[in-house]
Amino acid sequence: MKKVFLAAFSLMTVLSGANLFAQDMSKYGENAEECVKYLSYYTEYYKQKNYDDATPNWRQAYKVCPPTCSQNLLIQGSDLVSRLIAKNAKNPVVVEGLLDTLLTLQDQRAKYFPKYAATALNNKATYAAKYIKSDPKRVYDIYESVIAALGDKTKASVVFNDFKSAVDLYGLGELGTEDVLNLYQRNLGMLNAINPSSELEKKQIDDFRTNIENLFISSKVATCDDLLKLFGPRYEANPNDLQLATNIVKMLSLAEDCNDNDLFLNAVTTMHTIEPSADAAYYLYKLQSARGNVATAIKYLEEAIDREDSDTKADAGYLYELAVYSFKNGRSAAAYEAASKVPAMDETLAGKAYLLIGTIWGSTSCGGDEIARRAPYWVACDYLNKAKAADPSLAEDANRYIGQYSRYFPPAADAFMYNITNGESYTVVCGGMRATTTVRTVK
């Protein structure tokens, strides 16, 4: 205690005993000596981590000192008040009073030290999230006031919590569907506008973005019909608005069973017309395929593959999907050609591609003599064996098909009649496809 009094006495002597410091004393207010005294007392205790003795002296300093005298009065005071809230957690009346003080400290810091306003107001929102448990409207209002004041300086965590509180209020009937939808778009836009300073911050922002999307989906704020009623008139009024079209596609994609409608098709078409991209072309493929427009769907999927804004891995996925879609729609040669490119582009899809090629050959009917008609089954089994070698998880399916197709290998007697023997190389040309395989017969 002696150390504290000596520090206070020394400071007051210097400040009050010389005219040179008269201007400096003015920042301590009308009761400067009392202000300096309690500032010194609480600061020394605070430095010693003696928070119990620091707190009453800080209270006196906060009472007699103007908030402009020291930013530490507000920063360290926030720490001391937070500690008091933790100590009195079971007394809601005391906590409410302390919380008002804590939030006021952040407002004062933002007002009197504007250079640090972003930090202070983001802290205010964080304190609200931490300590206000039974009043979602109050929390929401605090978040909104912080976002209004800070704009793009709002922390990603605050942006997420703001949307979460809006969803809570929606559940209580205090916010409408359109309010939440507008907040969803605004808050995602805010996250997208943040320029992360590190990979860690980038990951955190990505996580908050994902959390907002997941919360939107799980909350079922809007049905597909709600979205169509909301965005239909907007699109009709501004059919060439790229940002609006992009938002419509995003929102309808998140709603359940809401991408097979004219609004979705028109919005994606706007995106593709104004700003062509692999994603837009892929969306159009999905839409056209759902409507049974095979040729148009394939055209858009091939465009997605050919565009430079998709990488090799994405192209491999598109090619595999093109192969499956083509095969289902009776275009075996096109399916074979697309699937054949996949293994070299993405080894994780190689097994599936080989399995698909095997089934394509196994279902192909060829003309010609008895050997020519059965030869496709050799090629099918070749690819099925490659499939299970590339991806052991496919072994069960591959073996089932191998068992089925190998029954159709030509009998040895037939092979003899056509002057071919086991182990020979044999080239199969059929249905626009070509492959070299090995002769195999059955007894």
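Numbered in sequence order, the bonded cysteines of the protein chain pair as 1-2, 3-4, 5-6, and a search of the whole structure finds 3 disulfides, a disulfide being a pair of cysteine sulfur atoms within 2.5 Å. A disulfide is a covalent bond between the sulfur atoms of two cysteines. This is a predicted model, in which local features need pLDDT of at least 70 and side-chain atom pairs count only at pLDDT 80 or more, while totals for chains, interfaces and linings use all residues. Residues are numbered from 1 along each chain as its sequence is written, and side-chain values use heavy atoms, with hydrogens and water left out.

**Disulfide C35 to C65**

- C35 and C65 are joined by a disulfide with an S to S distance of 2.0 Å, and the torsion about the S-S bond is about 115°, so this disulfide is right-handed.
- The pair links distant parts of the chain, 30 residues apart, with C35 in helix α3 (residues 32-47) and C65 in the loop between α4 (51-64) and α5 (71-87); helices (H or I, at least four residues) and strands (E, at least two) are DSSP runs, numbered from the N terminus.
- C35 is buried at a relative accessible area of 0%, and C65 also counts as buried, at 6% relative accessibility, where buried means under 20% relative accessible area, exposed over 50%, and partly exposed in between (1.4 Å probe, protein chains only).

**Disulfide C224 to C258**

- The sulfur atoms of C224 and C258 lie 2.1 Å apart and form a disulfide, which is right-handed, with 75° about the S-S bond.
- This pair too links distant parts of the chain, 34 residues apart: C224 belongs to helix α12 (residues 224-237), whereas C258 is in the loop between α13 (242-254) and α14 (262-274).
- C224 is buried with a relative accessible area of 16%, and C258 is buried with a relative accessible area of 2%.

- C366 lies in the loop between α19 (350-362) and α20 (370-390) while C430 lies in strand β1 (residues 425-430), so the pair ties together parts that are 64 residues apart in sequence.
- Both C366 and C430 are buried, and C430 stands opposite M433 in β2.
- β1 and β2 pair in the antiparallel sense over 6 bridges, strands counting as paired if DSSP finds at least two bridges between them.
- The two strands β1 and β2 form a hairpin with 2 residues between them, and G431 in the turn has a positive phi of about 60°.
- Strand β2 (residues 433-438) has a covered face made of M433, A435 and T437, and an uncovered face made of R434, T436 and T438.

**Helix α3**

- Of the 16 residues of α3, 12 are buried, so this helix is largely enclosed by the rest of the structure; among the buried residues are C35, V36, L39 and Y42.
- The end C-alpha atoms of α3 are 22 Å apart, which agrees with the 22 Å that its 16 residues should span at 1.5 Å a residue, the expected span being 1.5 Å times one less than the number of residues.
- K49, which follows α3, has a positive phi, near 60°.

- F416, M417 and Y418 form a nonpolar patch on the surface, with about 410 Å² of accessible area together; F416 is found in helix α22 (residues 412-417) and counts as exposed at 65% relative accessibility.
- A339 is placed in helix α18 (residues 332-345) and counts as buried at 0% relative accessibility.
- The C-alpha atoms of A339 and L349, 10 residues apart along the chain, are separated by 9.7 Å.
- Patches are made of residues with over 30% relative accessible area and no salt bridge, like charges being joined within 9 Å and nonpolar side chains (Val, Leu, Ile, Met, Phe, Trp, Tyr) within 5 Å.
- A salt bridge is a side-chain nitrogen of Lys or Arg within 4 Å of a carboxyl oxygen of Asp or Glu, and accessible areas come from the Shrake-Rupley method with a 1.4 Å probe, only the protein chains shown counting as cover for residues.
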